[in-house]
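The following paragraphs lead the reader through a structure, one element at a time. Please keep the sequence and the model in view while reading.

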Amino acid sequence: MKVLPLNTNALRLKGEIQVPGDKSISHRSIMLGSIAEGKTTVSNFLPGADCLSTISCFSQMGIVIDRNGDSVTIHGKGVNGLQEPEQLLDVGNSGTTIRLIMGILAGQSFFSVLAGDESIARRPMVRTVTPLREMGAVIDGRMEGKRTPISIRGGNLTPITYELPVASAQVKSCVLLAGLFSKGTTTVIEKEKTRDHTERMLAKFGVNVEIEGQKISIEGEQTLKGTHINVPGDISSAAFFLVAGALVENSEVRLNNVGINPTRSGIIDVLKEMGADLEIHSYNENVKEEPVADLIIRTSSLKGTEINGSLIPRLIDEIPIIALLATQAEGKTIISDAKELRVKETDRIQTVVEELSKLGADIEATEDGMIINGKTPLNGGSVNSRGDHRIGMMLSVAALLCKENVELEDSEAINVSYPNFFEHLQSLLK
């Protein structure tokens, strides 16, 4: 149990921080570095629990990975260099690890088994199992492969053209990675544009990726060459401080070196639409790599809005903190088309509604989103992250707005993506 900061008239957020490296990009740097030829170096790597699970899995397959703080060196062995693991590959709490690594394992001739924690055991795997089976991988698991543990015997993959049934960068990436090990062209067709970190990073490793609208194609049997990856700050982590800076009185916060990839920057669009006092100081808009910027947020007067459609994949991980933002905006905010939230680390629709309601928010769940009425004062009380890092950070920011103390149960879940979250928060409190 952690007693979070008490809101007083003297409380404000002032100063600047650099949020940890992007979790999605950190995962991919390890995976692609492992199947590349030669050495890959990574700076500003996120040493959170999820990304360490990815390192552990590839270490078990014979890849030497040296880590010094947020600097990582991967000694890649090429696309055919992985070894059969002697033990089960434990992905911990990481959905990104299990879904992306399945694409790589589908291309290996050896046998492997994947499992994770209780949260992973509840999450749907059929969305990645289906296209991989179509490509020729032999996959089994609990509930006929719909749940972990998942066993894979791959190799001799056939290229496919696959239309994603749901907007999912994880499924897209899984199929593209499997396509590296097939003979021919594998194509993924998206309904809505999802985060494109995999496509950008494959190009960084020298792989030719063809992109035409919502269609992404990759030719099999290409060689990856070791490179250097500089991981930008994670915009999903920055979102908690952007919202805190907008809501806490007399605040001004600068967030340096934040990734503003247009497939991930929906939170910026929402803040602007709601009237936030937000400045973007861009100093790298490299379209081939990851664009970054410094963001400055100040206390803002906000209004409700509607969030739906193609915007949802660009901010799916930020919806819990957006829900808190909406409780302090004038008028109604409606979030829809976000049913994917129900199969995250928790059912994030239900969890957000229940936990914020404990603090006094006027919020209700719908089948695919939420309806939030503001502006509503928040009180205090006992809340629970339920083992979900983004719920834990959202509730920590909510505590800054509450009239009484907030006790957060299972605050350790935040270590999954932001190990020094509370240290950064404390450094800004003045």
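Two strands are said to pair if DSSP finds at least two bridges between them. Strands (E, at least two residues) and helices (H or I, at least four residues) are DSSP runs, numbered from the N terminus. The model is a predicted one, in which local features need pLDDT of at least 70 and side-chain atom pairs count only at pLDDT 80 or more, while totals for chains, interfaces and linings use all residues. Residues are numbered from 1 along each chain as its sequence is written, and side-chain values use heavy atoms, with hydrogens and water left out.

The description may begin with a sheet. Four strands form an open sheet with mixed pairing, in the order β4-β5-β3-β14. Because β4 (64-68) and β14 (228-230) stand at the edges and have a single partner strand each, one side of each is left without a neighbour in the sheet. From one strand to the next, the twist averages 15°. Angles here run from 0 to 180 degrees between N-to-C directions, and axes are lines fitted to C-alpha atoms, for helices over the stretch in contact. Within this sheet, β3 (residues 37-43) and β5 (residues 71-77) are joined in the antiparallel sense by 6 bridges. V42 has V72 of β5 as its bridge partner. In general, strands of a sheet pair through backbone hydrogen bonds, either parallel or antiparallel.

Helix α1 (residues 23-34) packs on the sheet and touches β3, β4, β5 and β14, with a direction that makes about 30° with that of β5. Helix α1 also packs with helix α3 (residues 95-105), at an angle of about 25° and with the axes 11 Å apart. On the α1 side the contact (heavy atoms within 4.5 Å) is made by H27, R28 and M31, and on the α3 side by T96, T97, L100, I101 and I104. By class, these residues are 4 nonpolar, 3 polar and 1 charged. Ala, Val, Leu, Ile, Met, Phe, Trp, Tyr, Cys and Pro count as nonpolar, Asp, Glu, Lys and Arg as charged, and the others, Gly among them, as polar.

Another helix pair is α9 (residues 235-247) and α13 (residues 389-399), whose axes come within 10 Å and cross at roughly 15°. Helix α9 is therefore roughly parallel to α13. S236, F240 and A244 of α9 meet R390, M393, M394 and V397 of α13 in this contact, which by class has 5 nonpolar, 1 polar and 1 charged residues.

Attention now turns to β9 (147-153). Strand β7 (residues 111-115) pairs with β9 in the antiparallel sense over 4 bridges, and F111 stands opposite R153 of β9. Strand β8 (residues 138-141) also runs antiparallel to β9, joined by 4 bridges, with I139 opposite I152.

The loop between β9 and β10 (161-163) holds I160. Is I160 buried or exposed? I160 counts as buried, because its relative accessibility is 7%; buried means under 20% relative accessible area, exposed over 50%, and partly exposed in between (1.4 Å probe, protein chains only). Neighbours within four places in sequence aside, I160 is in contact with P131, E134, M135, V175, T185, T186 and T187. V188 lies 28 residues from I160 in sequence, with 8.2 Å between their C-alpha atoms.

Definitions and conventions. Angles under 35 degrees count as roughly parallel, over 145 as roughly antiparallel, 65 to 115 as roughly perpendicular and the rest as oblique.
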